[in-house]
Amino acid sequence: MEKSNKQRRVVYPFAALAGQEELQLGLLLHAVNPCLGGILIRGEKGTAKSTAVRGLAEMLPDMLAVADCPYHCEPGNKGKACDDCRNRGENLPARVMPVPVVDIPVSATEDRVVGSLDFEQAIKAGHRAFLPGLMGEANRGIIYIDEINLLDDHIVDVLLDAAGSGINVVEREGISVTHPAEFILVGTMNPEEGDLRPQLLDRFALCVDVQGLLDRQARVEIIKRREAFEDNPGEFIAAWQAKQAELREKVMTARTLLPTVTLADELYTKISQLCAESFAAGHRADIILVRAALALAAWRSHPAVTEEDILDIAPLVLAHRRRQPPEESETPQQQEQEQPEPPDDQNEESPPDEQDKDKQPPPPPPEGEQEEEQEENKDQDQDKDNNSEANPAMEVVFSIGKPFTVKRISMDKDRQARRGSGRRSRTKTDSSVGRYVKSTSHRERDDLAIDATIRAAAPFQRSRKTNGMAVVIETGDIREKVREKRIGNFMLFVVDASGSMGAKQRMIETKGAILSLLQDAYQKRDKVGMVAFKGEQAEVLLPPTNSVELAQKCLVEMPVGGKTPLAAGLVKAREVIRQQLKRSPHMRPIVVILSDGKANVAMAKDKPLAEAHRVADNLREEFDIKYIVVDTEQKGLLSFGKAQELAVWLGGECYTIEQLKVDSLVDLVRGALA
């Protein structure tokens, strides 16, 4: 038996971590059952996320693997072996090796992660061979992704599929390979840098939110332990060796016990009840909670799952799946129960007293008088607008209007819009990420298009000296891949939250329009951000994020009141766009301004409206991006058209809320042809 000579790095002992019991438990349960489905660790910087993952691998016992197998197959376990090990017989060479830990960087390509065609074998030997990727190297080990929220979504999808099934299926470039990929998937992220899409978030079995400790003594203990480790790693590791061995032995015992742990029928009902009360979407939460409860019972040496096991592990299963209850969740019976019963001396037929008469709304005017009353009150409404803007302290939070389907927004000719769900645009990419669409002889990087290269060289093989080579490739034959990548856009909402938006419940309809656009952004995998301007300034209510749920929560809580600093809102939008383009130069922002276009507060000494138009003109010249102005002004006999003027200065398009709606088949056809 061969011993692996791979040198281990010196890592901080897993047992020496302080104050992160939930994080340690989540990782240990995956050590007990690697097929649990992965763990997501969310938290601020410096909370031992990476240290815990590497410490877990160091704590786990060495494993026995087939010596010359790239997938580290377990000798004698034909059920989980690769095709090569399964067909080679019984007596395979074995070696002892540490549990592999594979880091996947944010810049990793799909070829590198899942595996690809071995170009060297294809050219030299003339046959197709598979070159295993990082998932193959991580079989029976750990895949660690730092800042997983910044990794391309399609790669995260592939990793989560393999983590759940235990196998990796590769169908590409003329090869078809299936190999074992049973690994513990650990992703870490800082929520400040954006969230994962809800679909990907739900695929992680467990989620742990870690925070820095506030207890002074606990923080001191962390400092002392870290200093002791850095001063003398060997002595510190030796001091914790007994605790490490105890954890290692407990993991091995739990693995043996896991297949025998039982779950009573009545506890299935308890699990479903917990998931239903959390309003978790679908049924994955129920299934994962069963698996996690079984693993926890095995960890605690319980022969059967107890209710305490379920309640203890439920927060880790439901932390990222818990949703807000729908507004209409109350049943009619519940509403009837909540209504107070009338006193015994009153009945439904008794006339209301004088106090009740005062509370009753006045009867509506006759239909013929309604239009006259609206015309007479037009000036009064304008006065109310002015009065509400004149009082910056007066803030009101309006509900959200009914959402609607949004008419498709056409992009520029350089980027083609996508119909339906999925990322809104596709663009050519200069990296090795994206779908291979064609080849080119123009060489810029080492992304070889083997099929096109061989086709280019094929006509000249008879005239070339093969020297034992199956195919002779010359420099002029080499072709590179041209890749196309679906990209999500960045939709920045610039919302007028001044007092005038409260007139005639204008903000209710505006919030309904924003919610509708948010739902469209979610389907197109767009990032969203929100800037609101009111009073004397503008502020970023929501930094760029992929979480539309977070944007919706921000929208619900947004107050209305004060004056209208339109120029300040546009300046703040420019700051957000600049920052986003620095991070993602390929992304094309869409700026959606929801306002009536009026302004009554200036940042300098200019007139407010003239200043806003000047800032809008500067925005148009600085950024070649899409601008959409949604006119929130209530249309009637008197209309100022200021939103249309703002759209002209921005070089954008102006819609009313009604025009955003898809009302007819004609709109659908026109949108498809745009």
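How many residues does helix α13 have, and how far does it reach from its first C-alpha to its last? I started here, keeping in mind that this is a predicted model. Helix α13 covers residues 284–299, which makes 16 residues, and its reach is 22 Å. That is close to the 22 Å expected at 1.5 Å a residue.

**Entry: burial of α13**

I looked up how much of α13 is buried. The count is 12 of the 16 residues, so the helix is largely enclosed by the rest of the structure. I wrote down the names: Ala285, Asp286, Ile288, Leu289, Val290, Ala292, Ala293, Ala295, Leu296, Ala297, Ala298 and Trp299.

Next I asked what covers the buried residues of α13. The cover includes α1, strand β12 (206–210), α11 (241–257), α12 (265–277) and α14 (307–318). I also checked the stretch just after α13, where Ser301 takes a positive phi of about 65°.

**Entry: aromatic pairs**

I went through the rings and got 4 aromatic pairs. I took Tyr12 and Phe236 to begin with: their centres are 5.4 Å apart with 35° between the planes, a tilted pair. Which parts of the chain does this pair tie together? Tyr12 lies in the loop between β1 (2–3) and α1 (21–32), while Phe236 is in helix α10 (residues 233–239), so the pair joins parts 224 residues apart in sequence.

Then I moved along to Phe236 and Trp240. Their ring centres are 6.3 Å apart and the planes sit at 45°, so this pair is tilted too. I noted that 6.3 Å falls inside the 6.5 Å cut-off for a pair.

Buried or exposed, I wondered, for Tyr12? Tyr12 is buried, with a relative accessible area of 8%. Phe236 is buried as well, at 8% relative accessibility. For Trp240 I have 17%, which also counts as buried, given that the cut-off is under 20%. Putting the ring pairs together, I get a cluster of Tyr12, Phe229, Phe236 and Trp240.

My last stop was strand β4 (residues 94–97). Both faces of β4 are covered. I found Ala94 and Val96 on one side and Arg95 and Met97 on the other, all of them buried.

Which way does strand β3 (residues 63–66) pair with β4? The pairing is antiparallel, over 4 bridges.

Definitions and conventions:
Residues numbered from 1 in each chain as written. Predicted model: local features only at pLDDT ≥ 70, side-chain atom pairs only at ≥ 80, totals over all residues. Heavy atoms only, no water. Phe/Tyr/Trp six-rings, centres within 6.5 Å; stacked < 30°, edge-to-face > 60°. Helix = DSSP H or I, 4+ residues; strand = E, 2+ residues; numbered from the N terminus. Buried < 20%, exposed > 50% of the residue type's maximum accessible area, 1.4 Å probe, protein only. Pairing = 2+ DSSP bridges. Expected span 1.5 Å × (residues − 1). Contact = heavy atoms within 4.5 Å.
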